[in-house]
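Work through the exercises below with the model open beside you. Try each task before reading its solution.

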Amino acid sequence: MREQKTSKQRGRRRAVLVTVVVSLMVSMALPLTGYFAHDAGLALAAEDADKEAVNPRAEYWRAVRGGTEGYSAVSGQETGVLIQNGGQNWRAVRNGPVSFYGASLIIAVLLLLAAKHIVKGKDKLESRTGRTITRWSTFERVMHWYVAISFIILAITGLSLIFGKNVLIPLMGKEGFAAWAQIAKPVHDYLALPFAAGLFLMLLMWIGKNSVKSYDFEWLKSLGGAIGDGHPPAGFFNAGEKVFYWMIFLGGVAMTLSGVYLLFPNLETVRESMQFWHIIHASSGLFLIAVALGHIYLGSVGTEGVLEGMVSGEVDEGFARQHHSVWYEEVKGSAAPAEGEAAPGASSAPAT
Ligand code: HEM
């Protein structure tokens, strides 16, 4: 009986012990559930937050920015492409290096010409004979002035387009610049092709006279007589004029080709190629303006006796002998006439 009691008591004690241990374990483990609940809660909250932050049309806009073509009722090249990423790079190149180096080149050329004129003055005629030689036909002069005037208009309107925001708006105000830009832009566009036609006709007309001759190197070595004594030999065009001619030729091709791409965006062009051609157009335009400034100076106040040729068609024999000795000899025949004798094709009318 006693033995039975003890085994019952032992069983009860074991049950109590197990209950206490399990209770202790459960009560110790219970706080851990907080971690699980907390982690799970965070994950859920993050999921909710994500759901709130993500634009439900994000995929759509990602496709738009990636250049994926959509639908547009407007017909034309690439009209279904809403945003083209390359535009940002193009803007940075146009407003950065192209504008900066282009403006620096033009200012440097102007300063250099001003310094040359102040220090050395104009290239004077050593003698004026009063006898003249025909240098330019009427057609050549009309072509030259047509190209020159249209180039100057294109240069002024083109510079207004590229530097208007930084230079003209502070001077004219936004309204003033807007009014001017509305004139400058169509003038630039409509004049471009008539100018290009005139330019290439003029260049074609003079191409034969611009082939390289051995004496051109002599001219270049002495910089047209600026280094050393005397005047180096030169044909109808001296080597400096030939360099100018070929720069205008190559620059003219680059400007015309790129300009056509910009004028007719629906021809074959997508925005990426327009950005490329725009950079070519702006760079070649700014370069040609800088080069033309040198030509305008040397063709007017920089050289005595040169401008009257392009105005009247006639140059003084003294000018021809000084600046274009080979051509002068050609015009006069193999032997130069004695002093006071007129050259063949020369007139005794005074130069205008
Ligand atoms: C007010 C502006 C200009 C003036 C005063 C001027 C003046 C002259 C003069 C005097 C000549 C004859 C040079 C000589 O007898 O050897 C000439 C030639 C020439 N001009 Fe002009 N010019 C002007 C603008 C331009 C422009 C804008 C261009 C072209 C974009 C141009 C292209 C030429 C060419 C290709 C020649 C042939 C000789 C050379 O290559 O220098 N001119 N210019």
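The model is predicted, so local features need pLDDT of at least 70, side-chain atom pairs count only at pLDDT 80 or more, and totals for chains, interfaces and linings use all residues. Residues are numbered from 1 along each chain as its sequence is written, and side-chain values use heavy atoms, with hydrogens and water left out.

**Exercise 1. Find which residues come nearest to the ligand, and which polar side-chain atoms lie by its atoms.**

Solution. 
- Step 1. Around the ligand there are 20 residues (near means a heavy atom within 4 Å). Arg 135, His 144, Glu 241, His 295 and Gly 299 come nearest.
- Step 2. Look for polar contacts (pairs of N or O atoms within 3.5 Å; within protein, one must be able to donate a hydrogen and the other to accept it, and residues adjacent in sequence count only if both atoms are side-chain atoms). Arg 135 has a polar side-chain atom 2.7 Å from a ligand oxygen.
- Step 3. Turn to the ligand nitrogen atoms. An N or O atom in the His 144 side chain is 2.7 Å from one. For His 295, a polar side-chain atom lies 2.8 Å from a ligand nitrogen.
- Step 4. Assign the shell to elements (helices are DSSP runs of H or I, at least four residues; strands are runs of E, at least two; both are numbered from the N terminus). Two or more residues each come from α4 (138-205), α6 (239-263), α7 (271-298) and α8 (307-312). The largest share, six residues, is from α4.
- Step 5. Sort by class (Ala, Val, Leu, Ile, Met, Phe, Trp, Tyr, Cys and Pro are nonpolar, Asp, Glu, Lys and Arg charged, the others, Gly among them, polar). The shell has 14 nonpolar, four polar and two charged residues.

**Exercise 2. Describe how α3 and α4 pack.**

Solution. 
- Step 1. Take the angle and the distance (axes are lines fitted to C-alpha atoms, for helices over the stretch in contact; angles run from 0 to 180 degrees between N-to-C directions). Helix α3 (residues 86-120) packs on α4 at about 125°, with the axes 11 Å apart.
- Step 2. Name the arrangement (under 35 degrees is roughly parallel, over 145 roughly antiparallel, 65 to 115 roughly perpendicular, the rest oblique). The two helices are therefore oblique to each other.
- Step 3. List the contact (heavy atoms within 4.5 Å). Helix α3 brings Arg 94, Val 98, Ser 99, Ala 103 and Ile 106, and α4 brings Leu 159, Leu 161, Ile 162 and Phe 163.
- Step 4. Classify the contact of α3 with α4: seven nonpolar, one polar and one charged.

**Exercise 3. Which residues of α4 meet α7?**

Solution. 
- Step 1. The axes of α4 and α7 come within 12 Å and cross at roughly 115°.
- Step 2. Residues of α4 in this contact include His 144, Phe 151 and His 188; among those of α7 are His 281, Leu 286 and His 295.
- Step 3. By class, the contact of α4 with α7 holds ten nonpolar, four polar and no charged residues.

**Exercise 4. State the angle between α4 and α6.**

Solution. 
- Step 1. The angle is about 150°, and the axes of α4 and α6 are 10 Å apart.
- Step 2. That makes α4 roughly antiparallel to α6.
- Step 3. The contact includes Asp 189 and Phe 195 of α4 and Tyr 245 and Thr 256 of α6.
- Step 4. The contact of α4 with α6 divides into 15 nonpolar, two polar and one charged.
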